[in-house]
Amino acid sequence: MNKIIKKEYFSEKVVKLVVEAPLIARSRKAGHFVIVRVGAKGERIPLTIASADKDKGTITLVVQAVGKSSSKLCALNEGDYITDVVGPLGQATHIEKVGTVVCCGGGVGVAPLLPIVEAFKKAGNRVITVLAARTKELIILEEQMKTNSDEVIIMTDDGSYGQKGLVTQGVEDVIKREKIDLCVTIGPAIMMKFVSLLTKKYNIPTVASLNTIMVDGTGMCGACRITVGGKTKFVCVDGPEFDAHQVDFDEMMMRLSSYKDME
Amino acid sequence: KERTQIKRVHMNELAPAYRITNKEEVNQGLTKEQAMTEASRCLDCPTPLCMTGCPVQINIPQFIKNIERGEILEAAKTLKETSALPAVCGRVCPQEKQCESKCFYTQKMGKDAVAIGYLERFAADYERESGQISVPEIKIHNGIKIAVVGSGPAGLAFAGDMAKYGYNVTVFEALHEIGGVLKYGIPEFRLPNTIVDVEINNLRKMGVEFITDCIIGRTLSYDDLHEMGYKGIFVASGAGLPRFMGIPGENLIGIMSSNEYLTRVNLMDAANPESDTPVIKGKHVAIIGGGNTAMDSVRTARRLGAERAMIIYRRSEEEMPARIEEIKHAKEEGVEFLTLYNPIKYIGDEKGKVKQMLLQKMELGEPDASGRRSPIAISGKTELINVDEVVVSVGVSPNPLIPNSIKGLQVSKWGTIIVDQDTMRSDIPDLYAGGDIVRGGATVILAMGDGRRAAASMHQALSGKA
Ligand SMILES: Cc1cc2nc3c(=O)[nH]c(=O)nc-3n(C[C@H](O)[C@H](O)[C@H](O)COP(=O)(O)OP(=O)(O)OC[C@H]3O[C@@H](n4cnc5c(N)ncnc54)[C@H](O)[C@@H]3O)c2cc1C
Ligand SMILES: Cc1cc2nc3c(=O)[nH]c(=O)nc-3n(C[C@H](O)[C@H](O)[C@H](O)COP(=O)(O)OP(=O)(O)OC[C@H]3O[C@@H](n4cnc5c(N)ncnc54)[C@H](O)[C@@H]3O)c2cc1C
Ligand code: SF4
Ligand code: SF4
Ligand code: FES
Ligand SMILES: [Mg+2]
């Protein structure tokens, strides 16, 4: 049982939760995630640890309500308890000073992108963040990203905000403009696939943080497995970050729809 | 002798047609009369061979004679002298390969063994239902803190003994539930959770503390445990890593490990409409493998509505490692056994859902290193069958989390922790290990025996007697 200390709305469907979890706060690094369960019949869902405060013994989660379990979590209030929070899980992000980093995210990927943007900025990189969504209302965390990036580019499918176009267009404009040393992408598998194809064309090293379906998050079930460089990997223990150019995104997209008709 | 003329008792069971509609326990246990009659078959052998077949050397004739006299609570006491979880072992031990295989009846008379497992279960259940469970009184608390990693049978058995010796025991469990495979693996229809919970509550009454959602090596490190004042650590983290076969199409939708399948159904209660966790309920379900895990998965599939539930096994039925009772129950429940077949490829539909699998026909060759005849492909003989769900149950490997997170811990090439076989101590003086993390995939009773041995030797070491 972990108490929610603070709740803040970033948008109608995106909340920030500060949660009591002293042990996790102490041992976590950027890129780690937790598995959370709400209620006795709750599902185990993975969420990135956006930030942590060792002294206060808290971790911060940024949650986007996309389905049943994430909505249940977003509906909790300050003072409520989350039934289970376990972690930190996964491999920490490999953060170093590489030069200029493009971080691009869309959909569910924007929340877990934030701690990575922060970490790369802190390490002294020039960080350009590209946020993409269908329409203006779905752009989230713009302010938080701006605080931690040298530049934020907004892309909307319908042109209602920022520039009209897909995330790949935004990224390609940057690539054509200046030298990019690393690209980090988190979002829907289809988006990561096209970002990966684009950066491969320009030979830019690219890291994708994969949001596969998980159950235990400790390597016990294999629900999170995907193919990287022709080999099966477990995202929860080997990842969640991988060399995007090696990831079989088509397979990942397919696997993500495993329970589509049941959720 | 008259005793030898009595026929071995039959376990009372739910009818197959009924039991596949629910998750009620299939074996209903013996009545007191049945148990006393069965107990009277035991010849009280001067050198009881049966005991040599029990990994923890339960005093079998003694507990059985107690049952014969009608002193069931005494029988339960005898069991508890050696076994921490008799109600569990009486249900899940592969008795026909252990104690019962060595019984005088089997060995010397060519008759059915005394039903040691059924009697063990009877005595343990009787004690529990009588409400007179003896919770060991703990006389001296020595205040020394001991940490246990993992709450499966090895960890529970160890915790129980250490608590009895007077230590302050804390069990750390990665999952949100206590019990290890007893909870997330072995299904309700074979081992009800309430049975396991009674044992866990007894440990609580003895002062054992349980901390869930805490992964040693992640949430807390080995060094953290030292800082917190733990003087001894017992690692019982199990062999939780699923193996896949690495054949084409294995990552299609609808193909999963038995760990995933059973965890969804048992731990997450996914078959219950009120549960938020989904599970695929296939109509044509193939389970790959021939062990207990495969039998548990295939019988679960039947209960979730599979019209065709199949075991695909590359050797013949004789080589199957599953308990004979599980195979019998599976057959009664309408499970099909496709033996001497091995999957070589899966084929998906346009959405990536598995729809067919290609099976290679096998034959048996010479015995291999395991002593079993090895399966050989018959070239050119393949078959395509329709499936909409596949559960891969071809074994597990030890979880590398602990070995990877503790510097200097010796690990075998299979990833198991290396310990002294008598003391269960690793080459790190305060770290002991037992159960599947030491043995690879083994059994409940072996895991439990390891826990007890580790407790005895850690106690000796800590009390300066070693
Ligand atoms: C390592 C990792 C880190 C993540 N970090 C964040 C984060 O910081 N913030 C955030 O808002 N989201 C994050 N996610 C995604 C989040 O876990 C899913 O949105 C959530 O599980 C959806 O569950 P649901 O029941 O609400 O939605 P559903 O309706 O069940 O599913 C919606 C979508 O989520 C996928 N999904 C369903 N169940 C799971 C599951 N158990 N695990 C993973 N994906 C699932 C489905 O395939 C579907 O595409 C992360 C995912 C991973 C793997
Ligand atoms: C489906 C199935 C059916 C089986 N049927 C039988 C049977 O009929 N008869 C029989 O004798 N045996 C059977 N077995 C085998 C038997 O269950 C195992 O041999 C036994 O459970 C091993 O016990 P253990 O205590 O070593 O580990 P486990 O029972 O595996 O427990 C290990 C526990 O440690 C936890 N853990 C792991 N790492 C950490 C960490 N770093 N920090 C904290 N906690 C951690 C795990 O979450 C788990 O709960 C079966 C196994 C399965 C999977
Ligand atoms: S613990 Fe298992 S092997 Fe030992 S007597 Fe009981 S059933 Fe037989
Ligand atoms: S070997 Fe068989 S008959 Fe002899 S004591 Fe053991 S159970 Fe009884
Ligand atoms: S979530 Fe179970 S192995 Fe990764
Ligand atoms: Mg869901």
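Let's start at A:G67, where a backbone N or O atom lies 3.2 Å from an oxygen atom of ligand 1. I call that a polar contact, meaning a pair of N or O atoms within 3.5 Å. Two further contacts involve nitrogen atoms of the ligand: a polar side-chain atom of A:T48 lies 3.0 Å from a nitrogen of ligand 1, and a polar backbone atom of A:M214 is 3.1 Å from a nitrogen of ligand 1. The protein covers 90% of the 870 Å² of accessible area that ligand 1 has on its own, with areas from the Shrake-Rupley method and a 1.4 Å probe.

A quick word on what you're looking at. This is a predicted model, where local features need pLDDT of at least 70 and side-chain atom pairs count only at pLDDT 80 or more, while totals for chains, interfaces and linings use all residues. Residues are numbered from 1 along each chain as its sequence is written, chains are lettered from A and ligands numbered from 1 in the order in which they are written, and side-chain values use heavy atoms, without hydrogens and water.

Now, who sits around ligand 1? The shell has 24 residues, and the closest are A:P46, A:V62, A:Q64, A:S70 and A:L256; a residue is in if one of its heavy atoms lies within 4 Å. By class there are 13 nonpolar, 7 polar and 4 charged residues, where Asp, Glu, Lys and Arg are charged, Ala, Val, Leu, Ile, Met, Phe, Trp, Tyr, Cys and Pro are nonpolar, and the others, Gly among them, are polar.

Strand β4 of chain A gives the most, with 5 residues. Along with β4 (44-48), at least two residues each come from β6 (58-64), α2 (68-74) and α3 (110-122) of chain A; these are DSSP runs, helices (H or I) of at least four residues and strands (E) of at least two.

Why does ligand 1 lie between domain 1 (2-89) and domain 2 (100-259) of chain A? Both domains give residues to its shell, so it lies between them; the bounds come from an automatic or database assignment.

Over to chain B and ligand 4. Its surroundings include B:C42, B:C45, B:C50 and B:C103, along with B:F104. That shell has 10 nonpolar, no polar and no charged residues.

Last, the rings of B:F158 and B:F234 have centres 4.3 Å apart and planes at 20 degrees, so the pair is stacked (centres within 6.5 Å, planes under 30 degrees apart; over 60 is edge-to-face, the rest tilted).

How values were computed
Polar contact = N/O pair within 3.5 Å; in protein donor to acceptor, adjacent residues only side chain to side chain. Phe/Tyr/Trp six-rings, centres within 6.5 Å; stacked < 30°, edge-to-face > 60°.
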